[in-house]
Amino acid sequence: MSFTDKSCLRTPPLARRQRLGFVGGGRGGLVGDWHFAGARLSNHWDVVAGALSSRPDNAVASARDWMIPPQRSYSDFRQMAQVEAARADGIEAVAICTPNWNHAEIAACFLKAGIDVILDKPMTTTMADAKMLVALQRQTGVSLTMTYPYAHHAMVRQARAIVDSGLLGTINQVHLEYLQEWNCAAQPVDTAVWRQDPSKVGRSSIVGDIGTHAYHLLKTMTGLDVSDVRADMFICGGRKPQPDTAHINLRLSNSAPGLMHLSNATPGQYCGLRIRVWGSGGAVEWDQERPEYLKFTPLEQQEQTFVRGVGNGVLGEAERLVHLPRDHGEALTDAWANLYAEAALVIAARRARRQAPAGVRLAGAAEGLAGMRFIDGCADSYEAGGAWIKLQHDE
């Protein structure tokens with residue numbers, strides 16, 4: 001593949017917008033506005049229904065904020081699934097933006113109702129629940145999309161296209177970090193108290209919350225999986241019930257080594273998701289805080305910096321995710337829009353019983369299960385004193 005290849009064309013428009021509902025994400029939530037903005041910006045969805053909060057007053061107020069008709073604002077997700085599935089104009093998909101411990105029950109309810117599911121990560125809090133959802137998705141044939149938005153930045157797709165072209169040669173090592181500062185204090189902020197509760201987040205708060213993003217980015221950018229992990233975890237920001245920092249050794253599926261550094265207790269770090277991939281033919285480097293740039297260094301040649309836009313070496317797989325010319329900034333909201341656009345294409349194709357357009361790269365139930373397997377493997381290693389743990393890839 002050359003840097004002038006345009007074989008991966010822009011995604012085709014839909015005949016109409018799809019109908020989307022939300023569970024969770026109302027006032028006081030963390031990620032609902034991100035999902036909502038991405039869905040609207042994609043121009044592929046109309047948000048028409050929701051059970052936006054477990055508190056009835058907040059659900060009503062949140063529905064009013066989002067201009068959802070009062071008759072389609074629900075106080076219970078079960079009622080929402082039943083009523084919307086029976087309507088001729090019912091929702092075609094639901095975005096689940098609740099805290100982790102609710103994911104399995106809510107997703108299962110909508111899958112059984114025949115409504116496609118768009119699920120915030122991590123998939124669940126336990127492997128048993130994750131396997132249940134995978135089995136239910138296969139049984140119903142309804143799609144389940146996991147939301148890993150960073151993989152929908154244009155320059156991440158540019159990096160993957162470079163890897164697929166062979167320009168990096170054999171991947172020899174990978175380094176990832178995801179560093180934040182919100183959890184430095186002895187007591188977590190009010191909106192994040194549940195993120196430290198093992199009964200609500202699962203076996204590892206730090207790996208489940210941000211480590212799964214780093215893991216999925218590694219798979220997306222390199223095409224490789226992780227075969228073995230060795231994890232040390234620490235509390236670096238006061239007394240807490242769960243570690244806020246993890247140092248993880250990785251062995252990739254091609255036997256190459258990798259390192260992952262995770263922390264939400266690093267002052268001065270905001271949303272520092274960064275990846276560097278070194279191969280026999282060169283290297284790529286991407287920083288989520290500067291998402292429009294990709295550094296590419298061919299071995300023994302002048303390094304290049306690709307800038308998000310059309311032409312000038314941007315490959316078709318990346319170009320199809322570009323919305324604005326260079327010097328007109330795109331950011332995480334645009335990545336969310338790309339995610340929701342691709343989800344709409346997959347869901348519309350499933351409902352029309354046809355293949356999704358070429359070039360769509362969307363995380364499904366299998367990726368959700370892989371993320372859970374990664375969390376469990378890191379937790380197993382930490383509890384075993386930092387032993388190497390082989391990840392099972394047999395589902």
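Strand β12 covers residues 293–298 and β13 covers residues 304–307; they run antiparallel and are joined by 4 bridges.

A word on what you're looking at. This is a predicted model, so local features need pLDDT of at least 70 and side-chain atom pairs count only at pLDDT 80 or more, while totals for chains, interfaces and linings use all residues. Residues are numbered from 1 along each chain as its sequence is written, and side-chain values use heavy atoms, with hydrogens and water left out.

Now zoom out. The secondary structure of the chain comes to 11 helices and 14 strands; these are DSSP runs numbered from the N terminus, with helices being H or I of at least four residues and strands E of at least two. The chain has a radius of gyration of 21 Å, which agrees with the value near 21 Å for a compact globule, because the chain has 395 residues. (That radius is taken over C-alpha atoms, and the globule rule is 2.2 Å times the number of residues to the power 0.38.) Along its principal axes, the C-alpha trace spans about 65 × 50 × 40 Å. Buried residues make up 57% of the 395, where buried means under 20% relative accessible area with a 1.4 Å probe, protein chains only. Of the contacts with a separation of 6 or more, 70% come from residues 24 or more positions apart; a contact means heavy atoms within 4.5 Å.

Next, the holes. A search of the whole structure finds 2 cavities of 30 Å³ or more. A cavity here is a set of points on a 1 Å grid over the protein atoms alone where a 1.4 Å probe fits but cannot get out, and lining residues have an atom within 4 Å of a point. Volume is the space filled by probe spheres set on the points, which are joined across faces, edges and corners.

The largest cavity holds about 80 Å³. It has 13 lining residues, and the closest to its centre are His153, Ala154, Arg308, Glu330 and Ala331. Helices α6 (154–165) and α10 (332–351) each supply at least two lining residues, with α10 giving the largest share, 3 residues.

The second largest cavity has about 30 Å³ of space. Its lining is Tyr148, Pro149, Tyr150, Ala151, His213, His216 and Leu217.

How values were computed: On a 1 Å grid over the protein atoms alone, a cavity is a set of points where a 1.4 Å probe fits but cannot get out, and a pocket is an open set with protein on both sides within 12 Å along at least five of seven lines; lining residues have an atom within 4 Å of a point. Two strands pair if DSSP finds at least two bridges between them. Buried means under 20% relative accessible area, exposed over 50%, partly exposed in between (1.4 Å probe, protein chains only).
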